[in-house]
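Please read the following briefing alongside the sequence and the model.

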Amino acid sequence: MSKCEQCIVRQFSSLKALNKDELAKLARCKTSRIIKKGEVIFEKGESVNGIFCIKDRVCKLTKLIPNRKDQIVKLVTRG
């Protein structure tokens with residue numbers, strides 16, 4: 001059984017639609033990272049090759065507004 005198959009994130013995301021073989025394939029090519037508070041994961045216009053699963057805490061999606069400040073677009077939780 002893969003860690004992706006056991007992960008709590010699976011019940012909160014589209015990963016729950018994957019079968020056992022698909023989850024095993026995903027588990028073989030994944031990488032895990034711990035992101036520090038305030039660290040940028042990706043920026044607008046960047047090519048993102050993959051998916052992100054949030055296991056703990058909250059991820060803040062922001063956009064830069066005309067006064068050069070970040071505006072929160074969405075708070076993303078587990079899943």
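A residue is called buried when its relative accessible area is under 20%, exposed when it is over 50%, and partly exposed in between, as judged with a 1.4 Å probe and with protein chains only. By that scale Leu15 is buried, with a relative accessible area of 10%, and 11% of the 79 residues of the protein count as buried. The model is a predicted one, in which local features need pLDDT of at least 70 and side-chain atom pairs count only at pLDDT 80 or more, whereas totals for chains, interfaces and linings use all residues. Residues are numbered from 1 along each chain as its sequence is written, and side-chain values use heavy atoms, with hydrogens and water left out.

**Overall architecture**

- The secondary structure comes to two helices and two strands, where helices (H or I, at least four residues) and strands (E, at least two) are DSSP runs numbered from the N terminus.
- Read along the sequence, these elements follow the pattern α-α-β-β.
- Taking a contact as heavy atoms within 4.5 Å, 26% of the contacts between residues at least 6 apart in sequence join residues at least 24 apart.
- The accessible surface, computed by the Shrake-Rupley method with a 1.4 Å probe and, for residues, with only the protein chains shown counted as cover, comes to about 7300 Å², of which 51% belongs to carbon and sulfur atoms.

- Helix H2 is hardly covered, since the count of buried residues among its ten residues is one.
- The N-terminal end of H2 is capped by Asn19, a side-chain oxygen of which lies 3.0 Å from the backbone nitrogen of Asp21; a polar contact is a pair of N or O atoms within 3.5 Å, and within protein one must be able to donate a hydrogen and the other to accept it, while residues adjacent in sequence count only if both atoms are side-chain atoms.
- The buried Leu15 lies in the loop between helix H1 (3-6) and H2, and its C-alpha atom is separated by 9.8 Å from that of Leu26, eleven residues apart along the chain.

- Strands E1 and E2 pair in the antiparallel sense over six bridges, pairing being assigned if DSSP finds at least two bridges between two strands.

**The loop between H2 and E1**

- Arg57, in the loop between helix H2 (20-29) and strand E1 (59-64), has a positive phi of about 70 degrees although it is not a glycine, and it is exposed with a relative accessible area of 74%.
- Lys44 is found in the loop between H2 and E1 and is exposed, with a relative accessible area of 88%; its C-alpha atom and that of Thr62, 18 residues apart along the chain, are separated by 9.5 Å.
- Phe52 also lies in the loop between H2 and E1, where it is partly exposed with a relative accessible area of 43%.

- Side chains of opposite charge can pair when their charged atoms come close.
- With a salt bridge taken as a side-chain nitrogen of Lys or Arg within 4 Å of a carboxyl oxygen of Asp or Glu, the count comes to one.
- The side chains of Arg33 and Glu39 meet in a salt bridge, at 2.9 Å from N to O; Arg33 is exposed, with a relative accessible area of 53%, whereas Glu39 is partly exposed, with a relative accessible area of 36%.
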